[in-house]
Amino acid sequence: MSAPLVELRHIRKSFGGVRAVDDVSLSLHPGEVVALLGHNGAGKSTLMKMLAGAYPIDSGEVRVQGQDVHIRSPIDAQRLGIESIYQTLALADNLDAVANLFLGRELLTRWNTLDDHRMDAEARKVFERLNKNFRNVRTPVRRLSGGQRQVVAISRAIYFNARILIMDEPTAALGPEETAMVGRLVRQLKDEGVGIFLITHDMPDVFALSDRLAVMKNGRLVGAYRTADVTEDEVLGMIIAGKQPEGKAQAHSR
Amino acid sequence: MSPVPHVLRQLAIDWRLVLMGAVLVVTALVFNVLSGGLFLSPENLYNIAQQTAVVGIVATVVVLVIVARHIDLSVGSVMGFVGVLIATLMYTAGWHWVEASLAGLAVAIGVSLYQGALTAMLGVPSFVVTLGGLMSFRGAAFLVADGKTQPVSDVFFQRLGGGFDGAIGVQASWALAAALVVLFGLKNWLRRRAKASYGVPNPPVWLDALVAAVPALIVVGFVATMNAYQIPTKDAPQGVPIPVLIWGGVAVALSFIVHRTRFGRYVFAIGGNPEAAALVGIPVRRVTLMLFALMGVLITIAAVVSIARLNAGTNSLGTGMELFVIAAAVIGGTALAGGSGSILGSVLGALIMQSIDSGLLLLDISIGLRYVIIGQVLIAAVVFDVVYRRVTGDAA
């Protein structure tokens, strides 16, 4: 068994008096897809935003490849190879696809000015890999289709060689063809050894893509199981009632 | 998409700017007819260019402030405060103008950082912070010299504001025009070479040349006009006024910041989607603070030009300027919702505002009616903005 890529231990986070995430421990291994399930407000996105550096952690430990790390900002997370694709895609709608791909990590010339042409050329290569028909890389992304916007968001993770990828409902706004593209991509990244946290409500996605699944309710972890060990009804029971299925072994680690 | 041919789309021309330019030209032609040819005389155009400089300088940076979803209502008051301070340091304290201006710069940056910190760090809306500033710093402008006018007599300093000796002369103006034309060509050539080296397709050479020829012609035409104006008591024509030169330099510098630096890109990203900007790791607060500091720098430049032009610092300096500056930015295509705007647009916007104001003045229209008309022009610009964004699908 390989060492975990990420270990979250006893993570807590409160907003005001509300415990958004309460003593959650979870791990992720190289080449593994862990689906993170639960109602809206269960704390999945908050947990992932802490890993991505968007929210500070109140208490608890994070280990990346066995090392204790302190993630205080998105930059810290990026340095550790943690990339996120948010449900909202986190795109600046007024900027073009190239600018969005490199947002916050622009390529610079030796005079410290933006190297637009190099970014343009590099971006075209990545977009090409994800969608052969993606040509209008220089129009503001607000004019792009949902699928193309998703390509821009995903290309960030790919270009910067994510080792740990957080996908927050990546297929929520997509058509069937684009959903299939995301599925292929998840499998491909998995083969390359990337660890993926997949936040989703979509049961077919969970059973088609994930190796393990973890369910959260009211900020607490209900349980973590091998996807192959549980049925859809049992998963729904955990999400809705917070009830652990009887006679199934938990799998907090692979 | 619009039925624009493919080659034209490749050029990434900002059609909105082209339209603004057309509006300016039409405005000028209409006033020229109505005023019996006075409007397009070199003297009038020289004066318009010179008068627009102060508002134009501040408008360039206000564009960025609005792009970042902020506003600055205190620009006129802060400029008044800093202007009187610089004039007082020169007149009453006897400082050299360079030292006085640097002191003014330090104070302006301090004021801007104070307002910026309240906005960026504490999250107080910039509208409220700068509305308070609008009043406070007007008061401060009064306090500096106890309301007394501070004359400025340094001859070199006075030239910065234009006026009798405030232009660079015919030869220097032509040299400047030639240098700019060469620069436009060089810039285009460098861009083509860079694109080619990364395998990015280039538009045909003739098209690029045509597009580069437009600004070149504008520059040459402008310099020719400025060189055609001669003050009757002088033995040589004026050439480009120094305040216009400063404004041009400011506009070029800010355009560079917008297009070539991370800071500029981050300002637009923050304006487009503040949450996304924070999520990808852009230091939103630091960028906002830097933006306000930049504001302080440009307000100082405007204050210097302004007191040099008036040959004095008075406590009413810059009163009501915030309206003209914001109007120039908005007429120039800056969306008040943030995320879009251009420096060149603010230049055109400021010129349109000043042209209408001067044109109405030439036609001897009363100040009351002038205000009514200019206010409605601003509203027309915003209406146009709303309709334009709806038609092109760019929801603001």
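What follows is a quick look at the overall fold of chain A and at one of its sheets. The model is a predicted one, so no experiment stands behind the coordinates discussed here.

Starting with the whole chain, chain A carries 8 helices and 10 strands. Its radius of gyration comes out at 18 Å, close to the 18 Å that the globule rule gives for 254 residues, so chain A is as compact as a globular protein of that length. Laid along its principal axes, the C-alpha trace spans about 60 × 40 × 40 Å. Buried residues account for 48% of the 254 residues in chain A. As for contacts with a separation of 6 or more, 67% of them link residues 24 or more positions apart.

On to the sheet: 6 strands of chain A make up an open sheet, and going across it the order reads β6-β7-β8-β3-β9-β10, with mixed pairing. At the edges sit β6 (82-85) and β10 (220-226) of chain A, each pairing on one side only. Ignoring direction, neighbouring strands of this sheet are turned by 15 degrees against each other on average.

One residue pair to look up is S84(A), whose bridge partner in β7(A) is I166(A).

Methods. Residues numbered from 1 in each chain as written. Chains lettered and ligands numbered in written order. Predicted model: local features only at pLDDT ≥ 70, side-chain atom pairs only at ≥ 80, totals over all residues. Pairing = 2+ DSSP bridges. Helix = DSSP H or I, 4+ residues; strand = E, 2+ residues; numbered from the N terminus. Axes fitted to C-alpha atoms, helices over the stretch in contact; angles between N-to-C directions. Rg over C-alpha atoms; globule rule 2.2 N^0.38 Å. Buried ≥ 20, exposed ≤ 12 C-beta atoms within 10 Å, placed from the backbone. Contact = placed C-beta atoms within 7 Å.
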